[in-house]
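The briefing below is arranged by topic.

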There are 2 protein chains.
Amino acid sequence: MSKLRVESFTVSLDGFGAGPDQDLNHPLGVGGTSLHGWAFATQTIQQQLMGSDSGETGIDNDFAARGFHNVGAWILGRNMFGPVRGPWPDESWRGWWGENPVYHVPVFVLTNHARAPLVMDGGTTFHFVTEGITTALGRAREAAGGKDVRLGGGVNIIQQYLRQRLIDEMHIAIAPVLLGSGERLFQGINLPALGYACTKHEASPRATHVVISRL
Amino acid sequence: MSKLRVESFTVSLDGFGAGPDQDLNHPLGVGGTSLHGWAFATQTIQQQLMGSDSGETGIDNDFAARGFHNVGAWILGRNMFGPVRGPWPDESWRGWWGENPVYHVPVFVLTNHARAPLVMDGGTTFHFVTEGITTALGRAREAAGGKDVRLGGGVNIIQQYLRQRLIDEMHIAIAPVLLGSGERLFQGINLPALGYACTKHEASPRATHVVISRL
């Protein structure tokens, strides 16, 4: 069966997966951008996000690249899709990524507020799912057509899927920065009790990469 | 002035500095020993703890070795000294380390229960301090005679010193293991707000080493 995977999700040394006070100017929360220095330096992210041919190869790039391998659909929490809270006031918010988003596959956005699907350029369609994480996973698996489903986050959504043991593996990057506050990825989560273990560990000068797998 | 330093303090990927349920058979809490694989493999720890000539050199050993450099006194929380809780029933508990402990300098043990100093072989004397962290630091600095004071832990004591901004630098090792529960080193601590930043970052296959310094 296709896997549910978290990839390139980065936490600070003090365990935060995003800074506090996300808004239009701070998509990753205040200070959150500093987490992703390792990723922005890679050839993979330079190509995928910036359309640039620059960027580094090596361990960081290998991990960034695996995040795009065999992915047939994505699941995002609503806050990863945008800064709008509560009922959608109109259709104007179309994601952080412009008219041709980086996904190029169906993306299922978990929200409490229904909205018609958004068909974007380049193969990305945003589907808004109000029936919860299990329904979103079922729809994403179907849309992925045998490929894996990548769970983008944020912290709250990852925790919900972890508590149900629905995540097959997580690549977590630990960045050498301190955030001080925000959302802690593993707060209140007992990973060994849920049957997870660290199965891979590699580090670069920019980040430590681990893979946490369901046994 | 001499520094107050935390050295070789190891946390799990999920942020715990010790496992739960410390007792006589589990000095580091259940599962806590797995944190210290990187240290036990080093030449420094093999020499200091085991009196052995084996052990590895390299990044891990460099960090283990710096923990013993220029240290004139130690401070320990009582739970690092032993598993006895509440008033001392008698004088029989003399630490985890036998008659010739690894310290070879004065060690100040923070406790709520007074006890006469314990003079051990090899230069280690355990002093029991009931007047709190500031007094313990003052006495340790005096005893250190210009050298630094090393703060051994545990988590609770490190947090107390951090909140008072009394720690100059901390070498923290992150081990690729999951503990699931126990004491989280940075729970409730906002390091950037306290004026701390990550100033060094190096990784080996066994652990990621960071230094967090007061700016």
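What follows describes a predicted model, beginning with the interface and ending with a helix of chain B.

Chain A and chain B bury about 1900 Å² between them, and 64% of that area lies on carbon and sulfur atoms. The contact draws 28 residues from chain A and 28 residues from chain B.

**Extent and make-up of the interface**
- On the side of chain A, the residues that lose the most area to chain B are A:L13, A:L178 and A:H201, which together account for 29% of what that side buries.
- Sorted by class, the side of chain A that touches chain B consists of 17 nonpolar, eight polar and three charged residues.

**Polar pairs across the interface**
- Seven residue pairs are found in polar contact between chain A and chain B, counting pairs in which both residues have pLDDT 80 or more, whereas the count of salt bridges between these chains is zero.

**Elements on the side of chain A**
- Strand 10 (196-203) and strand 11 (208-214) of chain A are the elements that contribute two or more residues to the side touching chain B.
- Strand 10 of chain A supplies five residues, the largest share of that side.

**Helix 2 of chain B**
- Within helix 2 of chain B, which spans residues 43-50, the residues B:T44, B:I45 and B:Q46 are buried.
- The cover over the buried residues of helix 2 includes helix 1 (37-40) and helix 3 (59-66) of chain B.
- Just after helix 2 of chain B comes B:G51, which adopts a positive phi of about 65°.

Notes: Residues numbered from 1 in each chain as written. Chains lettered and ligands numbered in written order. Predicted model: local features only at pLDDT ≥ 70, side-chain atom pairs only at ≥ 80, totals over all residues. Heavy atoms only, no water. Contact = heavy atoms within 4.5 Å. Buried area = accessible area lost by both parts, 1.4 Å probe. Salt bridge = Lys/Arg side-chain N within 4 Å of Asp/Glu carboxyl O. Polar contact = N/O pair within 3.5 Å; in protein donor to acceptor, adjacent residues only side chain to side chain. Helix = DSSP H or I, 4+ residues; strand = E, 2+ residues; numbered from the N terminus. Nonpolar A, V, L, I, M, F, W, Y, C, P; charged D, E, K, R; others polar. Buried < 20%, exposed > 50% of the residue type's maximum accessible area, 1.4 Å probe, protein only.
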